Amino acid sequence: MSESEPKRGFPRWAHGVILSVTAALTLLFPYRFSRILALDLEAYLYNQYQFYLLMPQEWADWGRLAVRYAAVPYALLLIAALIYKASARVWSAENPLAAIPRRTARWMGAAVLAPVLAASWLYAQALSMWLAVEAFWWIEWYAAIYPTMEQILYSGPIFVTPGIVTFSILFLLWAWPRAAVDERHSFVLRALRGAFVVIALPFLAAVLAGSTHAARVYTAPGIDTFENRCEQCHARSQPLYYIKTPAEWRRTVDRMANYNLPPLYEGPEDAVLPFTQTEKEEALLFVTAMRSFSDRWTFITRCVRCHTVDRFGWENRRPEDWARITGRIARWSPYYYRPDVRDQIVHHLTATYSDSEATHGLDREQYERWMRLEARCASCHSLSLEADRYRKASAKELDDMVARMEERMTTPLTDRERTEIVQSYKEAIADPDVFDRVFPHDRPTEGETAP
Ligand code: HEC
Ligand code: HEC
Ligand code: HEC
């Protein structure tokens with residue numbers, strides 16, 4: 001680049017526009033996400049402190065501040081560099097960052113990178129928290145959840161930290177105009193590129209899980225209300241230890257709003273302020289976005305895990321029938337499919353696969369009779385238990401069997417019910433294909449063990 005060449009630079013006002021857009025974009029995206037990340041990190045650090053007494057409690061505050069602000073200068077420089085790069089192409093004007101002498105450019109880059117690199121472990125920890133929160137809705141099957149969550153929280157940062165380090169360096173170099181960087185001879189750069197390929201996968205997994213978490217929280221109002229009001233009686237990150245359904249959160253927040261307590265610690269305020277209705281709704285929306293999942297996502301985690309493709313062939317069903325089908329799978333993990341989770345699934349299925357008149361090939365009277373049969377007989381075991389043996393049984397054997405079962409029931413059958421049950425049972429087990437269509441999930445898939 002020679003000194004004498006005239007530069008077709010941007011008009012002066014264009015710099016103003018680019019810098020304002022940069023500031024706006026930084027506030028709107030990286031900064032807002034950092035705020036969410038910071039809360040998640042805070043929850044993790046306080047949790048470590050409370051359960052394991054691993055570190056002084058104030059560290060959580062420093063960690064939160066670091067995650068919130070460390071990347072701001074980096075984001076400003078990166079976004080400005082990207083806009084200059086893009087607009088230089090469009091207007092074929094010269095990129096003023098390219099005019100910065102290489103030495104100065106290096107110092108600038110190092111100055112904005114240093115805080116990001118210093119906080120990279122904290123970012124990685126917060127991202128692992130996002131990963132763990134997302135994973136929770138998939139793997140909460142019985143007790144397996146706790147070791148899995150701990151695994152993610154402890155080993156996540158080991159993979160994610162190098163990802164953040166290499167990604168932040170490479171991204172800045174890529175955005176920076178070529179003239180300012182001499183990368184051909186850089187051994188470090190080549191090593192970083194190589195390393196990135198190796199660590200890219202776990203890092204991208206974290207980013208992907210992070211983006212679903214962030215997308216949910218990003219649009220939720222109430223972060224200020226949550227930060228300022230939910231800490232009046234306990235650490236504000238305490239609610240973030242829990243993952244609940246939206247209905248469960250509503251009950252919790254209602255309980256909180258009804259408390260009439262003095263502060264539980266020596267805080268700056270003398271009295272706990274009551275929540276206004278708006279504050280209550282805002283805090284609820286925020287904590288729900290942070291720590292619960294939509295009906296659709298709940299359906300995907302709970303049902304699509306087995307029904308990847310075949311759900312597209314499902315018949316429409318009555319809402320009660322969806323509740324029964326979901327209830328049957330809940331025999332395997334009553335907590336994973338607890339009532340509030342089942343409500344979410346049924347709500348989703350009612351919106352997507354609903355027909356309030358469906359009878360699945362039976363006539364209406366017969367369908368309702370079969371449903372009464374299930375209500376009476378499937379509370380202790382699957383309806384089709386030993387059905388193969390009873391398919392060709394005599395009327396007397398069926399009567400005797402139902403009589404034996406009746407002895408176990410708390411409410412005895414009326415004569416009409418008894419006759420009806422024998423008839424319905426005989427019909428229902430007669431054809432296994434028809435049975436499966438009307439009572440999906442009745443039988444364990446492999447013997448009597450959980451699927
Ligand atoms: C007026 C004091 C007060 C305020 C304000 C408050 N909490 Fe609580 N919170 C408590 C007390 C007391 C407990 C422990 C007893 C209990 O669980 O009800 C608690 C416990 C909790 C728990 C754990 C128990 C559970 O149900 O899972 C969660 C979660 C929680 N609070 C969330 C929140 C949220 C979210 C906010 C802000 C909307 C909030 N709290 C604001 C007093 C308060
Ligand atoms: C209160 C719990 C309970 C209810 C309700 C119940 N059962 Fe049972 N059922 C059992 C138990 C326990 C066994 C296993 C013990 C055994 O083999 O006798 C069993 C076994 C069976 C068997 C296979 C063994 C046998 O006895 O032939 C069939 C078939 C059966 N039940 C059908 C039904 C039908 C039909 C109904 C509805 C009328 C029903 N059950 C309601 C508890 C119940
Ligand atoms: C552990 C694996 C598993 C999970 C989880 C599961 N299902 Fe199933 N589902 C099956 C199997 C296997 C069948 C076919 C055999 C049967 O009916 O038991 C089936 C059958 C069905 C059918 C009938 C299929 C048809 O073509 O009409 C429906 C509807 C259904 N499931 C809905 C659900 C819903 C809703 C959920 C979530 C609450 C769910 N399933 C969760 C394994 C699963």
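Two residues are in contact if their C-beta atoms, placed from the backbone, lie within 7 Å. This is a predicted model, where local features need pLDDT of at least 70, side-chain atom pairs count only at pLDDT 80 or more, and totals for chains, interfaces and linings use all residues. Residues are numbered from 1 along each chain as its sequence is written, with chains lettered from A and ligands numbered from 1 in the order in which they are written.

**Exercise 1.** Work out which residues of helix H11 are buried and what they pack against.

*Solution.* Start with the terms: helices (H or I, at least four residues) and strands (E, at least two) are DSSP runs, numbered from the N terminus. A residue is buried if 20 or more other C-beta atoms lie within 10 Å of its own, exposed if 12 or fewer, and partly exposed in between. Now look at H11, residues 295-304: Asp 295, Thr 298, Phe 299, Thr 301 and Arg 302 are buried.

**Exercise 2.** Find where domain 1 touches domain 2.

*Solution.* First get the bounds, which come from an automatic or database domain assignment: domain 1 is 12-202, domain 2 is 223-262 + 274-291, and domain 3 is 298-438. The centres of domains 1 and 2, over C-alpha atoms, sit 29 Å apart. Then count the contacts: nine residues of domain 1 meet seven of domain 2. On the domain 1 side, helix H1 (12-52) and helix H5 (120-139) each give two or more residues, and H1 gives the most, with seven.
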